[in-house]
Amino acid sequence: MARRSSGVVDAGASGYPPGGFSSGDPWDTPDEKGRRGKRRGGSGGGGGDRRGWGGSGGRWFIYVGRVILWAFLIVVLVNGVRAPFERFTEDRSNTSTTGETTAPKFPETAASAYALSFAEVYLNYDQATAQDRQKQLAQFISGGIDPQLGWDGTGKSVLQSAHVASVRADDAEHGVVTLLARANNRLFQLAVPVYAKDGAMAITGRPATLPPPATASVPPAAQDRDSSLENDLQQPLTDFFKAYAVSDAGSLQRYSDPPVTGLGNSVAFGQLKDITAPRGDAASRTVFATVVWQIPAGQPKTSGGTLEQTYQLAMVKKGAYWFVRDIQGSTLPAGS
């Protein structure tokens, strides 16, 4: 009777491939495989399967090589993406500096306020108080500049109004603020040179008087008028403006939706002089109304008289009645 060794695995019966649990490494070189075989077949108890670092040296070098290869590929990929992006941003930077010039960072708002304060002193003078003007101008100019900025100390000037018309920034520190001013009953522009740095400012020289803006020729408005609606709105808008003048809340609620706020008796209603209603939607329309206001006499600085003013009214129709939804100023050219 044949003896069957219990320490040997029948490869064919177990389903495993011939050779059983082979430790052969497909990455091993022939020399490495030979050395592995010698270690397995050696004497002195070395016939067993002694595993460990002896058979993994080649694999370790391969793993290191793979890491180096992937690192190289990543570096190439990153550089390939970064280079066009850097060229693109550099081109945009060059365009902004060599193409269209960017506006200097001149403090326009602060310089405008400074120029307005200066004009209050510069355009208001009287030979009786010449020294006072010089002291006030000293707050705006530095040493080495004529303390009266070209005024000979005679005559009188009165500034009625001044407003900023434009600001020209030459660079981050130098600019010219142009004011639209009215002095001595004349309208003109005043160009004021302003120097600004680190929050400090100064007037660098003598201002220059320039002509006022030219008066534009406004073309007449060509409109297809709805005469029927103009007739229908004549009485409702007359009653509306009567209530609007005195802030009659009850009447304003009757003729406007939502109710608007009136003028609180600052004027008195004279008459509704004209209504212009362009053709449009049947339920809503924008119309223009010219009203004659009477200025109350006896108030401070008033002596009566009348003023004609034109309003733009947003109208809405609810049922058979029209209501004022909104009231604003108008761009309608004034008639005769």
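# Exercises on a predicted model

Setting aside neighbours within four places in sequence, Asp 224 is in contact with Ala 277, Pro 278 and Arg 279. The structure is a predicted model, and the exercises below examine selected parts of this model.

## Exercise 1

Determine where Asp 224 is placed, and decide whether Asp 224 counts as buried or exposed.

**Solution.** Begin with the chain. Asp 224 belongs to the loop that runs between strand E7 (208-210) and helix H6 (227-246). Next, consider the accessibility. The relative accessibility of Asp 224 is 51%, and the term exposed applies over 50%; Asp 224 therefore counts as exposed. Finally, consider one of the contact partners, Arg 279. Asp 224 and Arg 279 are 55 residues apart in sequence, while their C-alpha atoms are 6.2 Å apart in space.

## Exercise 2

Describe how helix H4 packs with helix H5, and state which residues meet.

**Solution.** Two packed helices are described by the angle between their axes and the distance between the axes. For H4 (residues 108-122) and H5 (residues 130-137), the angle is about 165° and the axes are 9 Å apart. Angles over 145 degrees count as roughly antiparallel, so H4 is roughly antiparallel to H5. The crossing of H4 with H5 is left-handed. At the contact, H4 contributes Phe 118, Val 121 and Tyr 122, which meet Arg 133, Gln 136 and Leu 137 of H5. Sorted by class, this contact has 4 nonpolar, 1 polar and 1 charged residues.

## Exercise 3

Classify the aromatic pair of Phe 241 and Tyr 244, and then find which parts the pair of Tyr 244 and Tyr 311 ties together.

**Solution.** The whole structure holds 12 aromatic pairs. Among them is that of Phe 241 and Tyr 244, whose centres are 6.2 Å apart and whose planes are at 90°, an edge-to-face pair. Because Phe 241 and Tyr 244 are 3 residues apart in helix H6, about one helical turn separates them. Phe 241 is buried, with a relative accessible area of 0%, and Tyr 244 counts as buried at 9% relative accessibility.

The next step concerns Tyr 244 and Tyr 311. Their ring centres are 6.2 Å apart and their planes stand at 85°, so this pair is edge-to-face. Tyr 244 lies in helix H6 and Tyr 311 in strand E10 (residues 306-318), so the pair ties together parts that are 67 residues apart in sequence. Tyr 311 counts as buried at 11% relative accessibility.

To complete the picture, ring pairs link Phe 240, Phe 241, Tyr 244, Phe 269, Trp 293 and Tyr 311 into a cluster.

How values were computed
Residues numbered from 1 in each chain as written. Predicted model: local features only at pLDDT ≥ 70, side-chain atom pairs only at ≥ 80, totals over all residues. Heavy atoms only, no water. Helix = DSSP H or I, 4+ residues; strand = E, 2+ residues; numbered from the N terminus. Buried < 20%, exposed > 50% of the residue type's maximum accessible area, 1.4 Å probe, protein only. Contact = heavy atoms within 4.5 Å. Axes fitted to C-alpha atoms, helices over the stretch in contact; angles between N-to-C directions. Parallel < 35°, antiparallel > 145°, perpendicular 65-115°, else oblique. Left-handed = near helix turned anticlockwise from the far one by under 90°. Nonpolar A, V, L, I, M, F, W, Y, C, P; charged D, E, K, R; others polar. Phe/Tyr/Trp six-rings, centres within 6.5 Å; stacked < 30°, edge-to-face > 60°.
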